[in-house]
Amino acid sequence: MSKPLTFQDIFKNNFLNSQTFEGITLNQLLIALLFAFLAGMFIYLIYRVSDNTPAFVNSFAVSLVALTMITTVVIMTITSNILLSLGMVGALSIVRFRTAVKEAIDIIYMFWAITMGITIGAGFYFIATVGCLIIGLVLFGMSRIGGRENLFVLVINARQTVNQNQLEEILRERAGKFRFKAKSAFGEAAEWTYEVRLKKGDSGFTDSLAALEGVENVNLVAFKNHNVL
């Protein structure tokens, strides 16, 4: 009568004895890296054309390409040997990303690059190709929709005799959405600060504000903020 298998026997048979390395040919590695490079470049281009911020960081965009390729190599190595995968997971668990992310959307691009690297490294080229194209089109389309209105900071310097309602009436008619932020008084002078979203980039309302009696200076400065008016 045979002895029943214990958990330790199963573990030895399936893990400890699976130390043979399933060789990855040079052609397989080159094809995977080529797919990863093309996917990374596609992510780079979508990030480049979809970025609506004043300061585009090219180094981060380039890192998306490298991140896709590196993740592909890591996944191909992990899938080739079970014991090696356990050790590599433990080693990667100590890695921490400490660089401040410029925009919340950058996290999406990082996760996108990692996902493409995992999919390509696992050999699912069809899923990687279709998924990369669809995700790229969605992100590009959403960036165009969200970028139709530009956010600005409006600073108005005038005398205290100026009625704030007059200022806001002009903003309501010409500037579209706006939000009152602050008012500072300096003796007989005052300063009003607004967040303004322009209608199709039309800044002509600044001339109407400057023409009001008592208004001395009108400054309109481009501004980037995550809050939506």
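R179 forms a salt bridge with E195, with the closest N and O atoms 3.5 Å apart; a salt bridge here is a side-chain nitrogen of Lys or Arg within 4 Å of a carboxyl oxygen of Asp or Glu. R179 lies in strand 2 and E195 in strand 3, so this pair ties together parts that are 16 residues apart in sequence. Helices (H or I, at least four residues) and strands (E, at least two) are DSSP runs, numbered from the N terminus.

Before going further, a word on the source: this is a predicted model, where local features need pLDDT of at least 70 and side-chain atom pairs count only at pLDDT 80 or more, while totals for chains, interfaces and linings use all residues. Residues are numbered from 1 along each chain as its sequence is written, and side-chain values use heavy atoms, with hydrogens and water left out.

E195 also meets K181 in a salt bridge, and R179, K181 and E195 are linked in a network. By this rule the count comes to three salt bridges, shown here:

| Pair | N to O distance |
|---|---|
| R179 and E195 | 3.5 Å |
| E195 and K181 | 3.6 Å |
| R172 and E169 | 3.1 Å |

R172 and E169 both lie in helix 7 (residues 164-174), three residues apart, about one turn of the helix.

Is E195 buried or exposed? E195 is buried, with a relative accessible area of 5%, whereas R179 is partly exposed at 28% and K181 is partly exposed at 44%. Buried means under 20% relative accessible area, exposed over 50%, and partly exposed in between (1.4 Å probe, protein chains only).

Now to the sheet around this network. Four strands form an open sheet in the order 2-3-1-4, with antiparallel pairing. Strand 2 (178-186) and strand 4 (215-222) stand at the edges, each with a single partner strand, so one side of each is left without a neighbour in the sheet. Eight bridges join strand 2 to strand 3 (residues 189-197); two strands pair if DSSP finds at least two bridges between them. S184 stands opposite E191 in strand 3.

Finally, have a look at helix 2 (residues 26-50). Its 25 residues should span 36 Å at 1.5 Å a residue, and its end C-alpha atoms are 36 Å apart, which agrees; the expected span is 1.5 Å times one less than the number of residues. Buried residues in helix 2 include A32, G40 and Y47. L34 is also found in helix 2, and L34 counts as partly exposed at 49% relative accessibility.
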